Amino acid sequence: MADTIRDIVIVGGGLAAAKAAETVRTEGFDGTVTVLTEEPERPYERPPLSKGYLVGKQPVDEVYVHAPGFYPEHDITLHIGDPATRIDRGGGQVHTRSGRRLPFDRLLLATGAVPRRLPLGDGGLDGIVVLRTLEDSRMLAERLRTVEHVTIVGAGWIGCEVAAAARTFGVNVAMVDPLDVPLARVLGPQVGAVFRDLHRDHGVDLRLGVGVSGVRGAGTVEHVALDDDATLDTQLVVVGVGVVPRVGLAEQAGLEVDDGVLVDETLVTSDPRILAAGDIASAWHPSLRRRLRVEHWANALNQGETAGRNLLGRGEPYARLPYFFSDQYDLGMEYSGLADASDRVVVRGSVAEREFIAFWLRDDRVVAGMNVNVWDVVEDVQALIRAGVAVDSDALADRDVPLTGLVG
Ligand code: FAD
């Protein structure tokens, strides 16, 4: 392993890549820093693509991680639209689509994820879309301006946020999911029901507990057929059924991969010169004592920073708890920790008024918490999870008992 680090290459044009590039410079690194992106854009953040930017409330300038001048000012070379095609570990080089050969002493992979596709038997009809990129969001907004009916396949985070955005365009929205409540896998039946009621109250035609059997039309989408023999008229189908990590480069390079690029707690892969961060990284979590691949904004942001320091050999463990947020209609929420379907739920506040904190408990210990339209409590919720102490359920449910008093 080279002792002197002169050349750093970062592959990927998302938040993790941009924060890593920024961090190596703020940490004082004075060698070369090169970022390769596949998309024809400088790095940007994705949450606005299903929220403010999609509904036209947030200008595109606010979506980018940095102003355009940031990269030259910090002597970061950004090769936009020139993705890495191969990693030559033996030769210590990254090859790009345009034919560049970039030497590296340290390499960061932050290639993110792509939407999972569904076999819909549509024969390539127009009007079936996914949402991942800025271009996808632009195109979706254009279509939402012209269609009358949209069908959303999948009631996960993307599906729910697109449903909320589509209602603001005045479009009739149907959302289909084989599970009985939205977000069932993450939130379980009790808390998932909050989102079922939320979308129903906003006029979404929820088709839950049923799958899509096919999509029909002539040239463009006209109908979605469901497993229960129902047929939905639609001119647009948005498929939101999860994402797949982009591990092709890592596999080709012979790095260890298993639903993500395997990294240790310092984000280092099976090759000590190569790190991975963000949606792509399946990282060992030192306090949860298991591997996690987290597909959320805060993870890309914070792992990007940690990876930036660790590219310089700092060896800093990444030990943050998983955290994410979502906004749908007038509901804003933040979730911290990691719950299982079998964990017990305790609620503090009012579910009916959609102003509460839900806690998930395992052996009387809080393992996750979600605050809904209740703010400035994330630190307290996370402190409770980290403390790992048994808590009294009645006290946890009682708004008058400060959360800080339960940490022990
Ligand atoms: P990505 O953002 O996927 O970036 C990876 C980049 O690498 C891509 O631009 C890709 O083109 C590029 N790339 C791939 N292969 C190569 C290659 N060979 N060479 C060069 N470049 C390559 N999370 C939340 O917590 N809250 C939210 O509200 C939320 N909303 C979201 C809304 C939408 C519409 C989407 C799509 C995601 C949302 N997320 C949200 C998730 C969050 O945006 C992701 O977790 C985050 O973008 C991951 O960042 P990343 O840098 O790891 O990967």
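1. Strands E24 and E25 (residues 355–362) run antiparallel and are joined by seven bridges. Strands here are DSSP runs of E with at least two residues; helices are runs of H or I with at least four; both are numbered from the N terminus. Two strands count as paired if DSSP finds at least two bridges between them.

2. A note on the basis. This is a predicted model: local features need pLDDT of at least 70, side-chain atom pairs count only at pLDDT 80 or more, and totals for chains, interfaces and linings use all residues. Residues are numbered from 1 along each chain as its sequence is written, and side-chain values use heavy atoms, with hydrogens and water left out.

3. The E24–E25 pair belongs to an open, antiparallel sheet of five strands, ordered E22-E23-E26-E25-E24. E22 and E24 (344–350) are the edge strands, each pairing on one side only. From one strand to the next, the twist averages 15°. Axes for such angles are lines fitted to C-alpha atoms, for helices over the stretch in contact, and angles run from 0 to 180 degrees between N-to-C directions.

4. A second open sheet has three strands in the order E13-E14-E15, again with antiparallel pairing. E13 (212–218) and E15 (231–233) each have a single partner strand, so one side of each has no neighbour in the sheet. Neighbouring strands are turned by 25° on average, direction ignored. Six bridges link E13 to E14 (residues 220–226). Ala-218 has Thr-220 in E14 as its bridge partner.

5. Now the ligand. The shell around the ligand holds 35 residues, the closest being Glu-39, Arg-46, Lys-51, Arg-132 and Asp-279. A residue counts as near if one of its heavy atoms lies within 4 Å. The shell splits into 17 nonpolar, nine polar and nine charged residues. Here Ala, Val, Leu, Ile, Met, Phe, Trp, Tyr, Cys and Pro are nonpolar, Asp, Glu, Lys and Arg are charged, and the others, Gly among them, are polar.

6. Which elements supply at least two shell residues each? They are H1 (15–26), H4 (157–168), H7 (297–311) and E22 (323–328). Domain 1 (2–114 + 244–310) and domain 2 (117–239) both contribute to the shell, so the ligand lies between them. The domain bounds come from an automatic or database assignment.
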